[in-house]
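Try each task on your own before you read the solution.

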Amino acid sequence: MSRIVVQNLGKKYKHYPTRWGRLVEALSGGHLVRHRPHWVLRGVTFDVGPGESVGIIGLNGAGKSTLLKILTGTTVPTEGSVQCEGRVAALLELGMGFHPDFTGRQNAVMGCQMMGLPRSLISEVLPGIVDFSELDAYIDEPYRTYSSGMQMRLAFSVATAVRPDILIVDEALSVGDIFFQHKCMQRIRHFQEQGTTLLLVSHSPDTIRMMCQRGIMLANGKIERMGDATSVMDYYRASEVLRMDAPSMEQPELTDSAPLLDTRERKVVLANRTSGAISADIIGDTNSIHSGDRVSIRITTTFSRHYNDPHIGFGIRNKMGITVYEANTYTLGDKTRPVSPGESLSATFSFPCRLSPGTYELVVGVADGGYGFGSFEHSLFFDQSFMLFEIAVGKSSGWAGIYDLQPEVVVE
Amino acid sequence: MWTYRGFVLGSVKREFQVRYLGSLLGAAWTFISPISLIFVYVVVFSQVMRARLPGVTDTLGYGVFLCAGVFTWGYFTEVLNRCLTIFLEQANMLKKSPFPRSSLPLIALLSSTVNFAIVACLFLLFLLLTSRFPGPALIAMLPLLLIQQAMAVGLGVLLGTLNVFFRDVGQLMGIVLQFWFWLTPIVYPPSILPEWIRSLIESWNPMAPLIAGYQQIVLTGRWPEPTDYVVPVIIASGSLILGYLAFRRLSGEMVDEL
C-alpha cells in the first residue's frame, strides 16, 4: 500500500501554429503532422516507498507542476506510467469547485463528495472539519463572505479530513496565518508518523530538508539529481547561486543604478579606476553555508591607478533590504598599503555566521582615503547587491529572530 | 464511478439550489415557469389565436399537441447543449481537480431529467384536470424518451469533446438545432407538408418519429408502432458508441487543450 512508482514518465504538449493545422492533422488520422512537440517532462523515473517522504525542488518551468498534475491524475502522461497505490489526497489547488454562494458547511460536504467519500463517512468527519478550520459560527455563512485566509483554512481542513495513504503537497500554497500554518504542518507530520507517504514540492530547500528524507531536483523536465534530501538541496542551492551571480560578474558596470555613497558623477569615473575587476568569494566549511558556520568573505580588486590609502568593505543585507552588518578595512582599524596601477589588493573577513537562515545580499565597496568615522575621500566602487547567497538551517535550531546571540543560560 | 455517486447526486442538487438562491419564492419558480408555458401554449394558441389541428375537433387539441412536442424537444436540446459546453465550462475543475470526467455529462443528464420530470408532471396534471388523461399508452413514453436521451447524450458527448478542440462545433450546432427544430413536425402536423419532404423527414430525421409518438400518445392515447423506431434506435446507439469512443480517446488530451 501507499507506494508511488513512476516509470519513464514523459509529457508532450502540442503546439499548433494555426488552428487549421489541428484540423488537417485530425482529418489525416495523424499522418500529416502539423504540430511542434514540446516536452515539459521526459524520462522521469523514481519510486517512493510506503511511509517515505520525498521532496521535489526545481526552478519555475522545471516541470514540477506537470509532474504533480500527472501524479494526481488531472493530466494524462504522453509516455511512461504512474502507479499510486492507495488513496491519494492532493493539496495543490485548494477549494476547487467551491461555490461562493453556498455556506462553508455545504461546500465542505461537496469537497468531501468530490474526493469520493461515502455519505456515512462525510457526516462522521464533518465536525472535525469545522473544528479544525476554526471557522466556528462562520461555517454557516456563505463562502463568498470569507476572507482568503478563512477560505484556505476550510479547504485545507476538507482536503485533509481523512488520512490519505499518499499525500501530495505543493508548498507554494500558504495557508492562513502563522498559527494555522503551524497547525497544517503538524497535521502533515502526524500523517507521516501514521505511515502516510509524502510527496512535497517546494521552492524552499529548508522545508524539504526538514520534512523529507529524500530529495529530487528537476531541471528542464528531467531529474537533475536524486538522493538524500540534504545533498540534493545543497546541490540545488549551489546551482542557484551560480545562476544568480553570473550576470553581475560579467557586467560590474551595471551597478550604475544602485544607490551610491557619493554623487552620481563620481561613480561613473570610479568604475574606470578599479578597472571593474572586482571579485568576491564566500567560503564556508562545506559548499553551502549553514547558520552558525564559520564563514570567510574574500574581496579582491585591481586598481587602475595609484592610491595612497585604499580600503575594501563589505556588508550584508537581508531580504527586507535591512543592512544586518556593514564594515570595511578602515573602520575595522586595518592598515593597508599604497597601490600602483595594475596592482591587486584582497581583504578577507572571517566571522561566525550566526544569522538566521535565508537569502542575503552581499554589499561590496572600495574606497580611498579614509577619515573621520568611516568616511572616504574617494568612493571607487559600491554595489549594494554584488551577489546573493543563502544561509541554510544550521545545527542549533532552538532560537528565532535574525541573529543568534548564543546566550548562556542560568536558571535559579 | 460508483464511488463518486455522492458527488454526482450532490452536484445535481446544488444546481437546483444555485438557480433559486437569493430569490424570495425559491423552489416555487420551478413550478411557476412551466405552468405559464403550458398556459401560453394551450390557452393563447387554442383560444386566442384559435389554431386547430386538421381533423381534430377538440378546441384544446393544438395546445396539447404543441406541449407534447415542445417539452420533449426542449428536454432533448437541453441535454445536447449542456454536454456540448460542459467541458469548456468546467475547464478549471478539469485541469485542477481529479474526479471521474464522465460524471460531468451524467450530471447534465440527471439535472435536465429532473427539470423535465417537473414539467411533465405538471402537464399530466393539466391533462388530468381537463379529463384528457391518455391512459395506459402513457407508459410507452418511457422507452421513447430513453431512445431520445441516449441520442442526446451520445451526440452531446461526441460534439462536446470535439468542441474543446474546435470551438466552431458549438457555433455550428446552434444553427443546426434551429434547422432541426423546424424540420421536425413539432409546431405543425406532418400532414401539411408536401409528400416528398414528409417522406424524407420521416425516414431521415430520427427525432420525427419520436415526437410523433409523444403527440400521438398524448392526443389519442394510442400505442406507438415499434417498427417506426428502428432508425432512431440505430442512430441513438451509434451516437452513444461514437461519443464514448471519442471521449475515451480524447479526454486525456482535452485537459491539455483547455
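**Exercise 1. Decide whether B:Pro232 is buried or exposed, and find out what surrounds it.**

Solution. Keep in mind that this is a predicted model.

- Step 1: count the neighbours. B:Pro232 has 21 C-beta neighbours inside 10 Å. The cut-off for buried is 20 or more, so B:Pro232 counts as buried.
- Step 2: B:Pro232 sits in helix α10 of chain B, which covers residues 230-257.
- Step 3: look for its contacts. If you skip the neighbours within four places in sequence, B:Pro232 touches B:Ile147, B:Met151, B:Pro206, B:Pro209 and B:Leu210.
- Step 4: compare sequence with space. B:Met207 is 25 residues away from B:Pro232 in sequence, yet their C-alpha atoms are 7.3 Å apart.

**Exercise 2. Describe the overall make-up of chain B.**

Solution. 

- Step 1: tally the elements. Written along the sequence, that gives α-α-α-α-α-α-α-α-α-α.
- Step 2: check burial. Chain B has 258 residues, and 34% of them count as buried.
- Step 3: ask how far along the sequence the contacts reach. Taking contacts in chain B between residues at least 6 apart, 76% link residues at least 24 apart.

**Exercise 3. Work out how long helix α1 of chain B is and what covers its buried residues.**

Solution. 

- Step 1: compare the helix with expectation. α1(B) runs over residues 5-20, which makes 16 residues. From first C-alpha to last it spans 24 Å, close to the 22 Å expected at 1.5 Å a residue.
- Step 2: pick out the buried residues. In α1(B) they are B:Gly6, B:Phe7, B:Val8, B:Gly10, B:Ser11 and B:Arg14.
- Step 3: see what lies over them. The cover includes α5 (103-129) of chain B, along with α3 and α4 (119-133) of chain A.
- Step 4: step just past the helix. There, B:Gly22 has a positive phi of about 85°.

**Exercise 4. Say which parts of chain A meet chain B.**

Solution. 

- Step 1: count both sides. Chain A puts 21 residues into the contact and chain B puts in 19.
- Step 2: find the helices. On the chain A side, α1 (19-27) and α3 (104-114) each give at least two residues. The largest share, four residues, belongs to α3(A).
- Step 3: The chain A side splits into nine nonpolar, eight polar and four charged residues.

**Exercise 5. Trace two sheets in chain A and find their edge strands.**

Solution. 

- Step 1: order the strands. One open sheet has three antiparallel strands, in the order β2-β1-β4. Here β2 (36-48) and β4 (79-84) are the edges: each has a single partner strand, so one side of each lacks a neighbour in the sheet. The average twist from one strand to the next is 25°.
- Step 2: zoom in on a pair. β1(A), residues 4-15, is joined to β2(A) by nine bridges, and A:Ile4 has A:Val48 in β2(A) as its bridge partner.
- Step 3: look across the sheet. Helix α2(A), residues 64-72, lies across β1, β2 and β4, at about 65° to β2(A).
- Step 4: repeat for the other sheet. Its three strands are also antiparallel and open, ordered β10-β12-β15. Six bridges link β10(A) to β12(A); in β12(A), A:Thr300 is the bridge partner of A:Ser279.

Terms used. Residues numbered from 1 in each chain as written. Chains lettered and ligands numbered in written order. Predicted model: local features only at pLDDT ≥ 70, side-chain atom pairs only at ≥ 80, totals over all residues. Contact = placed C-beta atoms within 7 Å. Nonpolar A, V, L, I, M, F, W, Y, C, P; charged D, E, K, R; others polar. Expected span 1.5 Å × (residues − 1). Buried ≥ 20, exposed ≤ 12 C-beta atoms within 10 Å, placed from the backbone. Pairing = 2+ DSSP bridges. Axes fitted to C-alpha atoms, helices over the stretch in contact; angles between N-to-C directions.
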